[in-house]
Every structure is written in C-alpha cells, then in structure tokens.
Amino acid sequence: MSPLTLFSLLTCAALTASTIPPSYPHPPQTCPQPPSLSCSLPSFPQSTNKCCTETLGGLILSTQFWSTYTGLETSHNQVLPSSSWTLHGLWPDFCNGSWTQYCDLTRQYDPHPEPNTTTGKADGVPVPAWKGVGAWGRRVERLLKWMRKYWIAQRMENRELWAHEFSKHATCFSTFGTGCFSERGLERYEDLVEYFEAAKGWFEGLSTYAWLEEERIVPSNKTGYALGRIQQVLGKRHGKTPFVGCSGPRWNETEKGKGSLDAGRTVLSEVWYYFHVWGRVQERRGVPVRADLNGGSTSSCAKAEGAVRYLERAKGSEGGADQKYFLTGVP
Ligand SMILES: *[C@@H]1O[C@H](CO)[C@@H](O)[C@H](O)[C@H]1NC(C)=O
Ligand SMILES: *[C@@H]1O[C@H](CO)[C@@H](O)[C@H](O)[C@H]1NC(C)=O
Ligand SMILES: *[C@@H]1O[C@H](CO)[C@@H](O)[C@H](O)[C@H]1NC(C)=O
Ligand SMILES: *[C@@H]1O[C@H](CO)[C@@H](O)[C@H](O)[C@H]1NC(C)=O
C-alpha cells in the first residue's frame, strides 16, 4: 500500500470515528464513502460502524465443492449442475485466520447443527436443532431457481445446507447483524435473503470449472492432474492462491503412490477463495488474498505429479432438465 493510500485510510478512519457512533442500528444507505477495507486499521470495531464494514469476520471465504453425486437424485431430483462446481457457502474468518460459528442462536434454522455446541466441545453452548418448518423458503422465491441449480448439498436436502450455512456462518458477519437492516427494523428472514444473494454474487465471479477447462483440466476418470498446475491456474484467475481441498485416499495409500512420503489426499473436492472486503460484504467489493495469509494451509491434496483426480460425475447425477423443488413443510 502506498503511503498516500494509508494516509487517506487513516483520515477516513478519523472521520468515521468522530461522526458515526459505532453501534447498531445503522441503515446501510448512509454508510460513509469510501468504505474501509476489512482487516485494515480503520475497520477495527472501535473505530467504525459494524454494519458498514466487516468487523467480526473480515477475512471472507467463498467456498465451492466438486462432487460426483448427491445421494438424493431419485428421492428429491437433487442433481449437480453441468459444467459448474457447486456453491457451498460464504464464510467469515477472523483477520487472524481463526473463526467462530453459530454466533446468534436467535437465528438458528439448521436442523442438524454441526458441531452441536458453539465451540465444538462438550462444554460449549449447545446449538439446539431447528425443528420448525422452512417458512423462510417463501422469502427466497425469486432466488430459488438459481439456488436449486447451483447450491447443492450432498446426502441432505439443499434447504438444510442453506439453513446450515446461514446459521453457522452468516450470523458471524457483523454486516449481516440484525440491527443492520432498514430503519423499520429487520423484516422476518430478510437477513437470510441477503445472505443467500451475497453468497450467490461472490460465487458467480469465481468460475472454477471454466477456468480449469480453459487450461484443459477437465473431469476425467482416467487421468490424474498435478496440484501445482491446478493451483497455478486458479491462482492466476482469482489473483491469489486459493485453498484447494481433496478428499478420498491418501496418495501413499494408493497403488501408484505406495511407498511415497506424500500423504496428501487424492480426490479434488473443494476450492476456497479468500478476500478482504471494502465496506459491506453484501456489496462484494473484494480484494483477493492468499489462503495462507495468516499461516493457514493452501491445500490438503497430494503434490505428486498426476496424483489429483478430478472425477467425472456419476451417470444421472448431473442436471439438465428442470429440477423439481421440494421445500417440505412450507405452509
Ligand atoms: C483471533 O482473533 C479473534 C477475534 O479478534 C480472537 O478472539 C482470537 O483470540 C484470535 N486468535 C488468535 C489465535 O490470535
Ligand atoms: C452433541 O453430540 C455429541 C455426539 O453425538 C453428544 O454426545 C452430545 O450429547 C451432544 N451435545 C448436545 C449439547 O446436544
Ligand atoms: C501414509 O502417510 C501417513 C502420514 O505420513 C502415515 O501415517 C501412513 O501410515 C502412511 N500409509 C502408508 C500405507 O504408508
Ligand atoms: C467416475 O468415478 C467416480 C468415482 O469412482 C464414479 O462415482 C463416477 O460414476 C464415474 N463417472 C463416470 C462417468 O464413469
């Protein structure tokens, strides 16, 4: 950052601190311009408005999954989008790379909380399972078509994944706080709609499938790829190295990798793109940052040449025809 930019940021911080009370509620339309960048000096909670700048989870992750089946193809006609990865979530990490979850239990809609306490430990605050109906489904009507196509869960109904992502992660963003909506106050489920829209928006700028395809990295049950190449391609397009996650067997436990010291996993399954963000997360003005910015890892995959498998979808698991929607329990 140039000294001039730093100076203007600090000036802006001083103005922000003196003119805007750092408390809820605060209507977003009056957020100061230019906004502050998350995880920079002016966006510390004491000097800015929590609704206008992300002060809790300033390191944003837009996460995507690649899977070959959903397990609900027949029962729910829940299939994967062709030529696309699926949206998994939009997550708020702390600036230091650690994170928290289920931050507002008054907005707990997840039927299967995972973990079931806020800390994941037995002595943490219990996260009660949501037993209600998915009444919020009505508020997201306009978005449903898109969500049904691209925001796909494995071995659970999509709506459960959406509720899970909202309650576990969205509640930990300061800019999705209940006091950050209109002057009238929060309309029921307005915050869910905003989170789903934001997650969609961040996802749409990150075309993992097309970026890989342009470099001839396409799903194949015959060939393996090199992790280095995948990271190079995605890093170049995103601007910074994302986290590339694998599942499945470890390389040293496969036939080809036997005896190797490389114990990374071999089935390509996740990409997490990291950002800092100017102003409200909803407005999606991101600055890409490296996944290992704060000592984190950039991959869980094997590094050996040809060790990473990017599997073709199972027959019948990929969409095409309109997906019928099941939001059971909506009145
Ligand atoms: C990271 O930041 C969060 C939020 O400020 C804080 O609660 C946590 O203790 C920090 N963790 C570490 C390891 O410094
Ligand atoms: C959380 O899950 C564990 C393991 O299934 C269980 O033993 C524990 O009782 C659960 N805790 C709460 C608060 O539900
Ligand atoms: C693979 O590597 C891991 C980690 O080094 C090790 O724990 C495991 O025993 C190895 N497996 C085989 C089959 O060598
Ligand atoms: C590719 O391999 C995966 C994993 O074995 C399998 O589930 C899938 O059905 C295969 N796809 C095709 C088109 O053969």
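How many of the chain's residues, in percent, reach a pLDDT of 70 or more? The share is 85%, and the mean pLDDT of the chain is 86. This is a predicted model.

View 1. Seven helices and five strands make up the secondary structure. Follow the chain along its sequence and the pattern reads α-β-α-β-α-α-α-α-α-β-β-β. The chain has 331 residues, and 40% of them are buried. Take the contacts with a separation of 6 or more: 69% of them join residues 24 or more positions apart.

View 2. One stretch covers residues 1-26, where pLDDT stays under 50. The model gives residues 1-26 39 contacts beyond four places in sequence. The other stretch covers residues 321-331, where pLDDT is also below 50. Residues 321-331 have 21 contacts in the model beyond near neighbours in sequence. Where pLDDT is low, the predicted coordinates should not be read in detail.

**View 3. The residues around ligand 3.** Four names to find here are Arg250, Asn252, Glu253 and Ala263, which surround ligand 3. Sorted by class, this shell holds two charged residues, one polar and one nonpolar.

View 4. Find strand β5 (285-289); Gly295 lies in the segment after it. Is Gly295 buried or exposed? Gly295 counts as exposed because it has 7 C-beta neighbours inside 10 Å, and the cut-off for exposed is 12 or fewer. Now look across to Asn96. In sequence, Gly295 and Asn96 are 199 residues apart. In space, the C-alpha to C-alpha distance between Gly295 and Asn96 is 8.8 Å.

Definitions and conventions. Residues are numbered from 1 along each chain as its sequence is written. Chains are lettered from A and ligands numbered from 1 in the order in which they are written. This is a predicted model: local features need pLDDT of at least 70, side-chain atom pairs count only at pLDDT 80 or more; totals for chains, interfaces and linings use all residues. A residue is near a molecule or strand if its C-beta atom, placed from the backbone, lies within 6 Å of it. Ala, Val, Leu, Ile, Met, Phe, Trp, Tyr, Cys and Pro count as nonpolar, Asp, Glu, Lys and Arg as charged, and the others, Gly among them, as polar. pLDDT is the predictor's confidence in each residue, from 0 to 100. Two residues are in contact if their C-beta atoms, placed from the backbone, lie within 7 Å. Helices (H or I, at least four residues) and strands (E, at least two) are DSSP runs, numbered from the N terminus. A residue is buried if 20 or more other C-beta atoms lie within 10 Å of its own, exposed if 12 or fewer, and partly exposed in between; C-beta atoms are placed from the backbone.
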